[in-house]
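This briefing is intended to be read beside the sequence and the coordinates.

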Amino acid sequence: MFAATALTLFPQMFPGPLGLSLAGDALRRGLWSLEAIDIRDHGLGRHRSVDDTPAGGGPGMVMRADVLAASLDAVAPDPRPRLIMSPRGRPLTQAMARGWAAGPGLVIVCPRFEGVDERVIEARSLIEVSIGDYILSGGEIAAMALLDACVRLVPGVMGAAESGAEESFENGRLEYPHYTRPRAFEGREIPEALLSGDHARIARWRAEQSLELTRARRPDLAQGE
């Protein structure tokens, strides 16, 4: 079973959207599990302090290495990869999500403030992962996005195994357009190829549309096509 552990200063944020829809149904069916651990449980002093001023000066605060290490060490040793959400991390891809979904789960650190002491990243072999080139208030929303990408790929979560086979990024291209009833909407018709009943023709149309969209919107993915 895919087991997720989130280390956060705001455990009440979980499961949040992960408790709804596809992921929430799978959570209730026991296809995956989610534990939120409060980093402040390992904070220092009467106020459970978790941060301090940055060495060398500068704005904001930095999460302490000793506090975060203690929180990580409280998680039972297991083979799960340990991640930390960070805008400087490796960009999340569908291939990464699929690989993690096939494994035992993840331990994810959700940082706050200006970031965390670099030494805990090194000492606990944390893998830095980014969900995009922008800054959030903390790592919780990013962790939820990452977990949603993984959980939907866990066996049994989606209704049919082939549901994700033709999605964007699965084959190095963006997904083709979709249509449904009504046949005409505000003067726009469903492409005739999709109504032909010719499965080979439909497959060709979808492949052509997928390639065209990829070349137009993500030429980096279409190189060599």
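In this predicted model, Asp-25 is partly exposed because its relative accessibility is 35%. Its side chain meets that of Arg-29 in a salt bridge, with 2.9 Å from N to O. Arg-29 likewise counts as partly exposed, at 46% relative accessibility.

**Other salt bridges**

- The structure contains 11 salt bridges.
- Side chains of opposite charge can pair when their charged atoms come close.
- A salt bridge joins the side chains of Arg-218 and Asp-220 at 2.9 Å, N to O.
- Arg-218 is partly exposed at 30% relative accessibility, and Asp-220 is partly exposed at 43%.
- A network of salt bridges links Asp-52, Arg-64 and Asp-66.

**Nonpolar cores**

- The largest nonpolar core comprises 30 residues, and those with the most contacts inside it include Phe-2, Trp-32, Trp-100, Leu-106, Ile-108, Leu-146 and Cys-150.
- At least two residues of this core come from each of β1 (2-8), α1 (21-28), β5 (82-91), α3 (94-101), β6 (105-109) and α5.
- Helix α5 provides the largest share of the core, 8 residues.
- A second, separate core has 19 residues, among them Leu-68, Val-75, Ile-84 and Val-107.
- Apart from neighbours within four places in sequence, Leu-146 contacts Leu-83, Met-85, Leu-92, Trp-100, Leu-106, Ile-108 and Val-129.

**Helix α3**

- The residues Gln-94, Met-96, Ala-97, Trp-100 and Ala-101 of α3 are buried.
- Viewed down the axis of α3, the buried residues fall within an arc of 160°, so they line one face of the helix.
- These buried residues of α3 pack against β1, β5, β6, β7 and α5.

- Ser-71 belongs to helix α2, which spans residues 65-73.
- Ser-71 counts as buried because its relative accessibility is 0%, under the 20% limit.
- Residues up to four places away in sequence aside, Ser-71 touches Leu-7, Ile-37, Ile-39 and His-42.

**A nonpolar surface patch**

- Tyr-134, Leu-136 and Ile-141 make up a nonpolar patch on the surface, and together they have about 290 Å² of accessible area.
- Tyr-134 sits in the loop between β7 (127-130) and α5 (140-151).
- With a relative accessibility of 43%, Tyr-134 is classed as partly exposed.

Definitions and conventions: Residues are numbered from 1 along each chain as its sequence is written. This is a predicted model: local features need pLDDT of at least 70, side-chain atom pairs count only at pLDDT 80 or more; totals for chains, interfaces and linings use all residues. Side-chain values use heavy atoms; hydrogens and water are left out. Patches are made of residues with over 30% relative accessible area and no salt bridge: like charges are joined within 9 Å, nonpolar side chains (Val, Leu, Ile, Met, Phe, Trp, Tyr) within 5 Å. Accessible areas come from the Shrake-Rupley method with a 1.4 Å probe; for residues, only the protein chains shown count as cover. A salt bridge is a side-chain nitrogen of Lys or Arg within 4 Å of a carboxyl oxygen of Asp or Glu. Helices (H or I, at least four residues) and strands (E, at least two) are DSSP runs, numbered from the N terminus. Buried means under 20% relative accessible area, exposed over 50%, partly exposed in between (1.4 Å probe, protein chains only). Contact means heavy atoms within 4.5 Å. A nonpolar core is a set of buried Ala, Val, Leu, Ile, Met, Phe, Trp, Tyr and Cys residues joined through side-chain atoms within 4.5 Å. The arc is that of the directions from the helix axis to the C-beta atoms.
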